[in-house]
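Trainee: Could we go through this model together, feature by feature? I would like to learn how each kind of description is read.

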Amino acid sequence: MLSRTVWALCPASAIMSTGTFVVSQPLNYRGGARVNPADGSGTEKAFEPATGRVIATFTCSGEKEVNLAVEDARAAFRTWKKKSGMERCRVLLEAARIIRERKDEIAAVETINNGKSVFEARLDIDTSWQCLEYYAGLAGSLAGEHIQLPGGSFGYTRREPLGVCVGIGAWNYPFQIACWKSAPALACGNAMIFKPSPFTPVSALLLAEIYTQAGVPPGLFNVVQGGAATGQLLCQHQDVAKVSFTGSVPTGSKIMEMSAKGIKPVTLELGGKSPLIIFSDCDMPNAVKGALMANFLTQGEVCCNGTRVFVQKDILDKFTAEVVRQTQKIKIGDPLLEDTRMGPLINGPHLERVLEFVRLAREQGAKVLCGGDPYVPEDPKLKGGYYMTPCVLTDCRDDMTCVKEEIFGPVMSILSFDTEAEVLERANNTSFGLAAGVFTRVWQREWPSDHRVLLPTQDSVCGDGGCGVCVLTAGRPKEEHPGTQQHDFQMLNVDLGAFEKRLYFQLSQQGAGRQSLELPPLSHA
Amino acid sequence: MGDKKAGLSVFWADDGLDTGPILLQRSCEVEPSDTVDALYNRFLFPEGIKAMVEAVQLIADGKAPRVPQSEEGATYEGIQKKENAKISWDQSAEGLHNWIRGHDKVPGAWAEINGQVVTFYGSSLLHSSVPPGQPLEVKGATKPGLITKNGLVLFGNDGKALMVRNLQFEDGKMIPASQYFSAGETSVVELTAEELKVSETIKVIWAGILSNVPVIEDSTDFFKSGASSMDVVRLVEEIRQKCGGLQLQNEDVYMATKFEDFIQKVVRKLRGEDQEEELVVDYVSKEVNEMTVKMPYQCFINGQFSDADDGKTYDTINPTDGSTICKVSYASLADVDKAVAAAKEAFENGEWGRMNARERGRLMYRLADLLEENQEELATIEALDSGAVYTLALKTHIGMSVQTFRYFAGWCDKIQGSTIPINQARPNRNLTFTKKEPLGVCAIIIPWNYPLMMLAWKSAACLAAGNTLVLKPAQVTPLTALKFAELSVQAGFPKGVINIIPGSGGVAGQRLSEHPDIRKLGFTGSTPIGKQIMKSCAVSNLKKVSLELGGKSPLIIFNDCELDKAVRMGMGAVFFNKGENCIAAGRLFVEESIHDEFVTRVVEEIKKMKIGDPLDRSTDHGPQNHQAHLEKLLQYCEAGVKEGATLVYGGRQVQRPGFFMEPTVFTNVEDHMYLAKEESFGPIMVISKFQNGDIEGVLQRANNTEYGLASGVFTRDINKAMYVSEKLEAGTVFINTYNKTDVAAPFGGVKQSGFGKDLGEEALNEYLKTKTVTLEY
């Protein structure tokens with residue numbers, strides 16, 4: 001057995017309770033310490049969504065601050081890139097260890113600032129340190145190629161770090177995204193400046209402090225706070241070598257445009273309106289569970305969610321009834337409580353936006369089977385929070401707004417279909433392409449983009465795009481290099497064009513698959 | 001009792017005295033530790049059913065024989081009764097052991113302790129020395145028993161000992177024998193009021209997770225009720241939150257899926273009873289190098305240190321003064337078989353085989369950390385046992401071992417196959433994917449020149465790939481391997497994954513190469529032994545083999561080199577680690593115009609080398625590994641002189657105790673001479689001259705050997721360097737450097753220097769097999 005960790009009787013999450021947390025320290029990080037920005041362009045407030053309380057007020061970084069952060073990162077890069085892979089490996093391993101050790105505390109902070117249940121937040125932290133460990137292991141074995149040429153001549157390739165990379169995070173998985181972006185970058189020898197979403201500025205600072213404690217040179221991982229203006233300064237800075245962004249499609253498009261001016265490579269992990277196809281021969285309990293997971297984790301604020309649930313007609317009623325029954329049982333409330341399964345949405349405007357989607361759906365003819373209303377928990381301190389009841393829509397048509405646009409909230413749209421050919425065409429009729437899921441027992445089904453999908457014969461679920469396993473690449477990796485399926489190479493010079501599609505299988509629970517394949521928590525931006 | 005064979009008979013029905021003619025019989029070997037229960041599970045039940053089926057078929061086919069039962073020597077032993085199972089103490093330890101296991105579990109052999117009938121279960125003969133413990137008076141016994149960490153030690157009238165694991169009292173309560181004196185620590189299945197509360201809390205947690213199950217009953221199965229791996233995490237986390245911080249592992253849930261079993265597991269955790277037995281290690285301790293070194297000296301099999309099966313030992317010698325360091329177990333054939341069986345069990349049924357690759361990586365990282373934390377002690381042992389110069393041992397022998405484990409730890413979760421587009425069997429479609437799988441039980445046999453580092457090079461890749469292993473260190477240098485075994489337990493490696501058996505190549509090594517349950521053998525050593533091993537591997541079961549064998553590596557020094565560097569590196573190429581280095585430069589080809597100056601400067605430098613105690617921090621050159629080796633080196637020099645090579649320096653044993661050899665230089669060595677052909681494996685520089693500018697000539701001479709491990713070239717001309725490196729027939733070419741190995745760079749030879757690489761990603765493939773899966777849909 002792996003050694004048992006002795007845990008304090010009172011985990012940190014129990015010490016922190018909703019309605020008490022405030023941040024008074026500076027939220028920028030530069031040169032190995034928290035700093036106030038050298039200049040600013042306005043201030044922002046960060047909220048505790050569970051109560052609506054302001055937990056931090058901070059200045060958005062201006063040009064001077066961004067320049068300082070880049071300069072600082074460049075200096076750190078010069079030291080860091082000279083270290084051997086094995087040395088970088090050890091530092092990242094140490095950081096992973098510290099994250100593991102402080103899991104409860106980090107999860108609690110994440111919950112307070114984001115609103116997701118602490119139970120889910122802890123899973124996020126697990127996939128965070130695992131990501132660091134994984135890339136730590138790669139740091140020592142990055143290899144190029146040697147190419148033999150006629151006459152004894154030869155060519156060879158080296159995998160070299162790019163330099164100062166910018167990471168821009170989303171607010172749904174603040175800490176995890178910071179780890180997923182920085183771990184491969186740092187493992188390959190880069191420096192990173194990370195700009196969290198202005199809604200969730202807090203937890204990235206914990207990561208910065210942990211990196212410093214683990215031994216990265218000061219400046220290697222800097223945090224700059226701010227909104228679009230700060231982001232623009234980062235993307236357009238001449239000494240920034242690459243930008244990696246997770247967030248919405250419109251912002252992604254802007255970032256790509258800004259980066260184009262400096263011909264900076266970008267990695268964009270954007271939105272989705274992913275189909276989840278339920279065939280009538282599926283294992284019903286499993287399919288219901290899958291549909292709930294694919295729509296309601298982190299209040300539905302997940303980019304790879306399977307929000308278009310296509311159900312074969314002959315099981316539509318039964319499936320819908322069961323989904324509604326279980327949806328109504330989801331416990332909404334204080335996200336720091338252990339048995340809460342759904343917390344508040346990120347903020348007031350976003351809640352309004354999601355409720356507006358439900359209203360519009362109703363107007364366009366969809367039927368609200370449950371939820372879709374604002375919710376006020378009994379606990380008086382939660383009165384100002386941004387809660388809503390999880391919503392199931394039926395009688396949806398493909399042309400409705402709720403079916404076409406990313407809602408990014410706890411709203412599931414159920415659509416029915418008759419044939420396989422029909423559902424494939426409808427499933428692919430979207431400009432998004434992040435994830436897709438299928439529930440069936442039959443092997444011979446068409447995969448929703450003209451690639452036949454293989455499915456095990458029993459109880460199978462082709463999980464929702466396979467998020468949360470950090471070995472697998474999320475999004476659209478752009479590389480084709482034998483054996484390179486990880487983010488890390490996106491941080492490197494060699495960056496050739498090709499899509500990679502990832503198929504993820506969850507095998508039967510009875511089968512041997514139980515031990516070899518784990519259904520990952522649906523936890524990722 | 002003590003029978004070597006057990007059996008079953010199917011006989012024709014008679015009048016009830018069981019004397020009818022025999023129809024069919026089956027028998028099996030009884031292992032030294034078999035109990036009645038073990039025999040039932042292994043033999044009686046499965047074979048009995050098969051025998052009965054066969055008997056019925058024989059009767060149906062009219063072929064069933066009627067063999068009359070012999071009346072001679074026949075006895076009738078009825079069902080054993082408790083009152084007849086009392087232990088008679090006037091017999092040998094083996095007799096007692098046989099009695100106890102012969103009654104295990106029903107009716108159970110017993111004795112009186114403190115006026116109470118206590119029944120003994122789980123007996124094994126104690127082969128190692130008796131561990132410390134607290135005496136326990138047993139009525140009738142010749143000598144009081146001992147309650148130790150691992151169980152109750154009992155003694156026979158021959159003074160030998162056995163160990164009993166579990167004790168049962170009159171009221172039916174059973175405890176681990178080790179807890180006899182731990183008052184209050186009961187391990188009955190009954191739950192206390194407190195624990196019942198915990199059980200209720202957990203029931204509520206289960207109900208919360210398994211919302212589709214109306215009532216959680218004792219028989220409710222977590223997974224059959226629809227839970228997934230995410231629920232496992234939730235269960236573990238909720239219990240941690242609500243049960244006073246109790247930390248379960250995900251594995252615990254998978255091991256106890258039914259509610260009642262799960263509660264038992266939780267309660268045992270709460271009571272701290274699931275703790276692994278503490279490893280009992282018998283050390284030889286020495287005060288040396290300003291520290292106490294504690295050296296295990298027994299075979300390490302299935303997570304325990306024990307004497308060889310036949311009790312044999314041999315002396316391991318300190319080459320610095322010829323003194324005996326300690327006696328070390330000399331593994332017998334039986335020990336090899338035990339070790340292989342343990343490795344097989346660990347691979348097929350143990351936790352190791354089920355563990356996620358990433359967890360395997362974490363164990364290896366931890367082991368690397370432990371090696372690093374203990375580097376001074378390990379380096380000291382290496383200095384004592386192999387004569388390695390301490391400072392070098394710290395940096396290379398131990399330092400690189402640490403690096404090797406760390407490097408391969410990172411590979412564990414990156415071993416993956418590929419998906420391969422193949423021609424479709426239209427109108428259907430096909431997909432092929434490959435999986436990289438571990439081979440199973442691997443044997444590793446390593447030499448004495450870098451005892452721990454050779455272990456690390458092979459074991460780390462082997463373990464990262466997911467195999468289990470049985471490793472035989474060189475007979476003359478077993479001690480760091482055994483210390484490593486101890487650290488592997490501390491790191492948390494499950495028992496049986498790593499087994500270390502010190503002993504000879506002729507006995508243990510040969511058995512390993514022939515063993516039918518071993519699927520791969522990794523060997524580093526001499527070419528003749530390598531050939532013998534490969535042959536045995538082929539004949540026995542076609543084991544996969546990798547061989548890292550001898551070398552006679554050429555080092556070519558051109559006149560346009562940087563001479564200072566060439567002298568310094570050339571000396572390192574020969575004298576590093578006393579020349580006991582498989583990639584050592586066995587022949588130096590020096591271009592005529594700089595030949596004399598090169599030789600002069602080498603000799604000057606040699607004179608500055610400090611020969612002495614390897615533990616002395618200023619020592620450059622320590623003793624040869626063992627006496628026989630030193631003698632071989634002296635003969636080698638004699639042969640050189642006899643054939644007419646010029647002995648420029650050294651060639652003699654150093655006049656001091658121990659096995660020290662002077663660094664030696666020969667020149668004018670011609671291609672036909674013994675010195676030019678054979679490997680010395682010692683501090684002997686063999687120099688041949690080549691004509692100015694004769695690149696083709698020197699290449700032809702350099703390649704005129706059956707070896708092909710390493711090679712080197714010194715020149716400032718990059719074109720020349722690249723040309724020579726292309727033409728040299730060797731696994732490694734060093735340009736303007738030598739001995740520069742790294743954990744990420746593959747290492748291994750060509751021609752008769754063997755095949756298969758250590759280190760780097762390539763080493764993993766030596767310990768993996770590829771499975772191709774093709775499907776149609």
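Mentor: Let us begin with helix packing, for which the axes are lines fitted to C-alpha atoms over the stretch in contact, and the angles run from 0 to 180 degrees between N-to-C directions. Please keep in mind throughout that this is a predicted model.

Trainee: At what angle do helix α5 and helix α6 of chain A pack, and how far apart are their axes?

Mentor: In general, two packed helices are described by the angle between their axes and the distance between the axes. Here helix α5 (residues 118-139) and helix α6 (residues 174-187) of chain A pack at about 5 degrees, and their axes lie 9 Å apart. Angles under 35 degrees count as roughly parallel, and α5(A) and α6(A) are therefore roughly parallel to each other. Among the residues making the contact are A:Ile125, A:Cys131, A:Leu132 and A:Tyr135 from α5(A), and A:Phe175, A:Cys179 and A:Trp180 from α6(A). The residues of this contact divide into 11 nonpolar, three polar and one charged.

Trainee: How should I read a sheet, and in what order do the seven strands of the open sheet in chain B run?

Mentor: Strands of a sheet pair through backbone hydrogen bonds, either parallel or antiparallel. In chain B the order is β25-β26-β27-β24-β23-β28-β29, with mixed pairing. The edges are formed by β25 (646-649) and β29 (732-735) of chain B, each of which pairs on one side only. Neighbouring strands of this sheet are turned against each other by 25 degrees on average, when direction is ignored.

Trainee: In which sense do β24 and β27 of chain B pair?

Mentor: Strand β24 (residues 585-591) and strand β27 (residues 684-690) of chain B pair in the parallel sense, over four bridges, and B:Leu588 stands opposite B:Ile687 in β27(B). Helix α17 (residues 592-608) of chain B packs on the sheet, where it touches β23, β24, β25, β26 and β27 of chain B, and its direction makes about 130 degrees with that of β24(B).

Trainee: Turning to accessibility, is A:Glu269 buried or exposed?

Mentor: Buried means under 20% relative accessible area; A:Glu269, with 8%, is therefore buried. This residue is found in strand β11 (residues 266-269) of chain A, and an unreviewed UniProt entry carries the annotation "active site" for A:Glu269.

Trainee: And where is B:Glu83 found?

Mentor: B:Glu83 is found in the loop between α1 (36-60) and α2 (93-102) of chain B, and at 57% relative accessibility B:Glu83 counts as exposed. The C-alpha atoms of B:Glu83 and B:Tyr283 are separated by 43 Å, the two residues being 200 residues apart along the chain.

Definitions and conventions:
Residues are numbered from 1 along each chain as its sequence is written. Chains are lettered from A and ligands numbered from 1 in the order in which they are written. This is a predicted model: local features need pLDDT of at least 70, side-chain atom pairs count only at pLDDT 80 or more; totals for chains, interfaces and linings use all residues. Side-chain values use heavy atoms; hydrogens and water are left out. Helices (H or I, at least four residues) and strands (E, at least two) are DSSP runs, numbered from the N terminus. Angles under 35 degrees count as roughly parallel, over 145 as roughly antiparallel, 65 to 115 as roughly perpendicular and the rest as oblique. Contact means heavy atoms within 4.5 Å. Ala, Val, Leu, Ile, Met, Phe, Trp, Tyr, Cys and Pro count as nonpolar, Asp, Glu, Lys and Arg as charged, and the others, Gly among them, as polar. Two strands pair if DSSP finds at least two bridges between them. Buried means under 20% relative accessible area, exposed over 50%, partly exposed in between (1.4 Å probe, protein chains only). UniProt positions are given in the numbering used here, feature names are shortened, and annotations may be inferred rather than shown by experiment.
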